[in-house]
Amino acid sequence: MRFGMAMSYSGGFSEAVEEMSALEQAGLDIAFVPEAYSFDAVSQLGYLAARTTRMELASGIFQIYTRTPSLTAMTAAGLDFVSDGRFVLGLGASGPQVIEGFHGVPYNAPLGRTRELVEICRKVWRRERLTYDGKYYQIPLPADQGTGLGKPLKLINHPVRDRIPVLIAAIGPKNVQLTAEIAEAWQPIFFLPERANEVWGESLSKGKQKRDPELGELAVHASATLAIGEDVDHLLEAVKPALALYIGGMGAKGKNFYNDLACRYGYAKEAEQIQDLYLAGNKEAAAAAVPDELARNISLIGPRSFVKERLAAFAEAGATTIHLTPMAGTTAEKVKLVEAVRELSD
């Protein structure tokens, strides 16, 4: 089992990098830098690359609509260069609230755009003279859509690797199927080991049937809040606001991917209640409506024996990396938690 951690996209980044350096020494395997609608992740990843030596560094995630495919490929190659081959290209569709609300571009065709973007990136990394005739991207731009002066070009620099690992954040059936077909890694959200195969097994199987053997086995990046101790059950309450935010507030009625996921997990009644409360502005009541069972089973919160059992459950369900959210205040406390969870996973 490998372990990672996402850096906060708000607050002091310099302090966060100092902390991440200490966590690297404690054995953390990979750091994720999110983007959302905060500072861009690229500049922060470059800074993190300069301050670390061993751990992998991943965008967590680059939104597929906000950069051209060629720029995404150039950026990934640049980050792979400055990190000496430690970069993982995390991609995702995000949602219409961010894409249309902050970037002002249409949120459409996430599946088709993701497939074409990955294909273009890999052509760029192989330093092929870039031509692409897709449904969503045509490179060079057709003459009747521009000046007619565009010509096929190839990346000037020689990338460290011609196959940078691609990780795709996906939870919908078709998105997961696509990810299993074309990506090196898959990142679901709110991974519930006992229901993972029931919810995603068919999609994963269909995607893997079309998978290029050169991609290797699909890595699965789950996430879990972490607290180890005999008296930490009360910390489950801290997990619920984030669940309520996503299940209740990340989208409108009928257009919330995370609410759909909660329903597929078997919590349809609770998901509806959470959404109604959240959209009515009652966030505290929405959080209180999150089932204890759901909060507990997607987390690593409890005595050492419980955490060890849950780690085994995650591994049995196919998780190869767990993104940790330690319930700790100081860097030293987080280091101890990382060391402990690594020990329990052995």
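Visitor: Which residues touch the most other members of the largest nonpolar core?
Guide: Met20, Leu89, Trp125, Trp200 and Leu300 do, out of 99 residues in that core. Helix H5 (residues 110-125) gives the most to this core, with six residues. A nonpolar core here is a set of buried Ala, Val, Leu, Ile, Met, Phe, Trp, Tyr and Cys residues joined through side-chain atoms within 4.5 Å. Buried means under 20% relative accessible area, exposed means over 50%, and partly exposed is in between, with a 1.4 Å probe and protein chains only.

Visitor: And what sort of model is this?
Guide: It's a predicted model: local features need pLDDT of at least 70 and side-chain atom pairs count only at pLDDT 80 or more, while totals for chains, interfaces and linings use all residues. Residues are numbered from 1 along each chain as its sequence is written, and side-chain values use heavy atoms, with hydrogens and water left out.

Visitor: Back to Leu89, then. What is it in contact with, leaving aside neighbours within four places in sequence?
Guide: Ser59, Phe62, Thr72, Ala76, Cys121, Trp125, Ile164, Pro165, Val166 and Leu167. Contact means heavy atoms within 4.5 Å. There is also a second, separate core of six residues, which includes Ile30, Ala58, Leu167 and Ala185.

Visitor: OK, zooming out. How many helices and strands does the protein chain have?
Guide: 14 helices and twelve strands. Those are DSSP runs numbered from the N terminus, with helices being H or I of at least four residues and strands being E of at least two.

Visitor: What about the radius of gyration?
Guide: The protein chain has 20 Å, which agrees with the value near 20 Å for a compact globule of 346 residues. That radius is taken over C-alpha atoms, and the globule rule is 2.2 Å times the number of residues to the power 0.38. The C-alpha trace spans about 65 × 45 × 40 Å along its principal axes. Of the 346 residues, 49% count as buried.

Visitor: Let's switch to charges. How many salt bridges does the structure hold?
Guide: It holds 19, each being a side-chain nitrogen of Lys or Arg within 4 Å of a carboxyl oxygen of Asp or Glu. One of them joins Arg2 and Glu56, at 2.9 Å from N to O.

Visitor: What does that pair tie together?
Guide: Arg2 lies in strand S1 (residues 2-6) and Glu56 in strand S3 (residues 56-59), so the bridge ties parts that are 54 residues apart in sequence. Arg2 is partly exposed at 29% relative accessible area, and Glu56 is partly exposed too, at 24%.

Visitor: Which parts of the chain does the Arg342 and Asp29 pair link?
Guide: The salt bridge between Arg342 and Asp29 is 2.9 Å from N to O. Arg342 sits in helix H14 (residues 331-345) and Asp29 in the loop between helix H1 (13-25) and strand S2 (30-33), 313 residues apart. Asp29 is buried at 13% relative accessibility, whereas Arg342 is partly exposed at 26%. Arg54 joins them in a network of salt bridges.

Visitor: And how far apart in helix H7 are Arg195 and Glu198?
Guide: They're three residues apart in H7 (residues 193-209), so about one helical turn separates them. Arg195 is partly exposed at 22%, while Glu198 is exposed at 58%.
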